[in-house]
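This report walks through one structure, topic by topic. Keep the sequence and the 3D view at hand while reading.

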Amino acid sequence: MTSAVSQGPLEASRASSTVAPNRLARALIYAALILFAIYYLLPLYVMLVNSLKPLDEIRQGDMLSLPMAGTIEPWLKAWATAQIGVQPTGLKPYFMNSILMVVPAVFISTALGALNGYVLTKWTFRGADIVFGLMLLACFIPFQIVLIPMARMLGILGLAGTIPGLVLVHVVYGLGFTTLFFRNYYAAFPSELVKAAQIDGASFFQIFRRILLPSSGPIIVVTVIWQFTNIWNDFLFGASFASVDSIPMTVALNNLVSSSTGVKEYNVHFAGAIMAALPTLIVYIVSGRYFVRGLMAGAVKG
Amino acid sequence: MSFLQIIDLEKSFGNVQVLKRINLEIEEGGFLVLVGPSGCGKSTLLNTIAGLEPITAGEIRIGGRRVNDLHPSKRDIAMVFQSYALYPNMTVAQNIGFGMEIRGVPKPEREKAIARVAEMLQIDHLLDRKPSQLSGGQRQRVAMGRALVRDPQVFLFDEPLSNLDAKLRVDMRTEIKRLHQRMGTTIVYVTHDQIEAMTLASKIAVLKDGVLQQFGTPSEIYNNPINTFVADFMGSPAMNLIPATITNGAGGLAIEMERPSAPPVTLPLASPPKGLAAYKGRSVIFGVRPEALTDPDGADRNAASIAQTECFIEVVEPAGSDTFAVTHLGGKGVIARLRADANIQPGTTAPLTFNLSKSVFFDPETENRIL
């Protein structure tokens, strides 16, 4: 501020002499960034363009060309009438399955993670660090290891092959991550606030709801994005634990694309793939700026 | 009748004992200051009174009622925290009213109470702001407002002024004292600043390493420190603690202090404490506050026992209201507090007057006062 005010002609000329190389460097950086952005966006472009072409146009071989006779027919087919497994239902019911699975799983795992973080930082008990360490360990367990025990558990609980079963699997598996996020966030949350609220007479849950939760916006966004993306994109648990009427979107997309009968309808496949990716994209776009802010929060406070 | 009583209180974290058999009491409307260096247990003691930390043994009574096992909200206390602990998501008014809201006080009553406290603390124009929009001093006031609105039996202050800049700290100190005189509520106040302790307290408790060193009025603590720790901790500049020897003088006991490149100073003691006779020929620690060691013109004319001697002045530090002079006695730098316009030059010899009726003696082994 003050240096800008005091900038005399001498400083100004010195500044302008350093501007030229700066501009060049900046141009180079932007050129590189644009190049990488194009490289990254290319697959999306190919998918989008080809999902809007009739099949014979794709067969002519030019994947990069714009559609000559644009059509939304592949989208309608992928959504409502494509053959998936034995039924010609399109992806619609499976999309619904995924929504019914993801929304409760994200909500429950986030809520429990927040509660865990609250208890592990503000109501510490003997061995709290060990409990946290064990929960942290859950983040490093590969999916494959839990498959068989999980199948057994779902069988015992009578949830095998159901959407609530999948919700349970994702909640249990996600709890390690959500607890980690919230614990680290709440560790930086001043304990004096909790003490003050105790003296004000607030109960365990009142303190959580009235004092901690209103300040948890950024970390909730981070957790929701993380959990939503992971659970929506999960294939292994869906393929292992779902039955015919609880198959999630990812597994259905695989069934659509890899069905071995008839012609390969690439345009329909592209449309279906975009549909499967759309919800996570929307979640990122809507709350992406909070994501970055959330990851930084706590690193530098105030 | 004491209002807040702490009886044989002990507190341990695991194997570490942080408070050892603390006994304290303060009358209703008193101002108890817990003072000591960092890590002495003063904040822990305050937290146990608040009920935020359970105690290991002993008893805490507020207004004759045993509160050991009561929840903080049931102890009829209010606390002001060092970091103010304002709820960041609430406005000033909501912050002040939160406790009442939790207790289910109806809204009109709540608003009346908030308005009353806000007016008293001159924060009525800030009621709709969030804590992040307030300055340090304003936050401090809101934190006090949140405590005041409860109208509790005891106020607990945990180093409330340590985050303020020096000038504001002095202003708020006066404000707290004024509030206390006006409300007449019992206050327990934690600080590491001995000036805050002296100016605010009706009783001071000096703690060190979880042990209560001395408990008394500010003047008792200042004039009759029980050991060298209290003597050194209270007062600024600190009391001079000079290694010395007790000798047999012409008219009774005398005290002898070494000097570099000069014969030792010997001062006759007109009215030595009784216990000092046993130390004849042995070394003691001679404690004299800077203001009891001054130029002859500035000396207290009413003092019962004074002695004058020539001292070599090493350094002179004019401080505006006073002039401090450093001389060398018993192998240590000794600070004397002279009148501001005292005519004194460093590197020369000047007469200094010891007010011996204000001086104290300590055993060099136990560091306890010789009475």
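## Salt bridges

Over all chains, the count comes to 15 salt bridges. A salt bridge here is a side-chain nitrogen of Lys or Arg within 4 Å of a carboxyl oxygen of Asp or Glu. Side chains of opposite charge can pair when their charged atoms come close. The model is predicted: local features need pLDDT of at least 70, side-chain atom pairs count only at pLDDT 80 or more, and totals for chains, interfaces and linings use all residues. Residues are numbered from 1 along each chain as its sequence is written, chains are lettered from A and ligands numbered from 1 in the order in which they are written, and side-chain values use heavy atoms, with hydrogens and water left out.

One of the pairs is Glu53(B) with Lys11(B), where the closest N and O atoms are 3.8 Å apart. Glu53(B) sits in the loop between helix H1 (42–50) and strand E4 (57–62) of chain B, and Lys11(B) in strand E1 (residues 2–13), so the pair ties together parts that are 42 residues apart in sequence. Helices (H or I, at least four residues) and strands (E, at least two) are DSSP runs, numbered from the N terminus. Lys11(B) is buried, with a relative accessible area of 4%. Buried means under 20% relative accessible area, exposed over 50%, and partly exposed in between (1.4 Å probe, protein chains only).

## Pairs that reach strand E18

Glu291(B) forms a salt bridge with Arg337(B); their closest N and O atoms are 4.0 Å apart. Glu291(B) belongs to the loop between strand E14 (283–288) and strand E15 (293–294) of chain B, while Arg337(B) is in strand E18 (residues 332–339), so this bridge ties together parts that are 46 residues apart in sequence. Glu291(B) is partly exposed at 35% relative accessibility. Arg337(B) is partly exposed at 26%.

Asp295(B) pairs with Arg339(B), with the closest N and O atoms 2.9 Å apart. Asp295(B) lies in the loop between E15 and strand E16 (306–318) of chain B and Arg339(B) in strand E18, so parts that are 44 residues apart in sequence are tied together. Is Asp295(B) buried or exposed? Asp295(B) is buried, with a relative accessible area of 8%. Arg339(B) is partly exposed, at 33%.

## A network and a loop

Glu59(B), Arg61(B), Arg66(B) and Asp69(B) are joined in a network of salt bridges.

Ala319(B) is in the loop between E16 and strand E17 (322–329) of chain B. Ala319(B) counts as partly exposed, at 46% relative accessibility. Ala319(B) and Ala340(B) are 21 residues apart in sequence, and their C-alpha atoms are 7.6 Å apart in space.

## Around Glu196(B)

Glu196(B) lies in helix H6 (residues 194–200) of chain B. At 3% relative accessibility, Glu196(B) is buried. Which residues does Glu196(B) touch, not counting residues up to four places away in sequence? They are Leu161(B), Arg169(B), Arg173(B), Tyr189(B) and Thr191(B). Contact means heavy atoms within 4.5 Å.

The side chain of Glu196(B) also makes a polar contact with the side chain of Tyr189(B), at 2.8 Å. A polar contact is a pair of N or O atoms within 3.5 Å; within protein, one must be able to donate a hydrogen and the other to accept it, and residues adjacent in sequence count only if both atoms are side-chain atoms. The C-alpha atoms of Glu196(B) and Val33(B) are separated by 8.7 Å, although these residues are 163 residues apart along the chain.

## Chain B as a whole

Chain B has eight helices and 20 strands. Its C-alpha trace spans about 80 × 45 × 35 Å along the principal axes. Of the 371 residues of chain B, 52% count as buried. Among contacts in chain B with a separation of 6 or more, 67% join residues 24 or more positions apart.

The accessible surface of chain B comes to about 16,400 Å², and 48% of that belongs to carbon and sulfur atoms. Accessible areas come from the Shrake-Rupley method with a 1.4 Å probe; for residues, only the protein chains shown count as cover.

## Cysteines

How many disulfides are there over all chains? The count is zero. A disulfide is a pair of cysteine sulfur atoms within 2.5 Å. Cys139(A) is buried, at 13% relative accessible area. Cys40(B) is buried too, at 1%.
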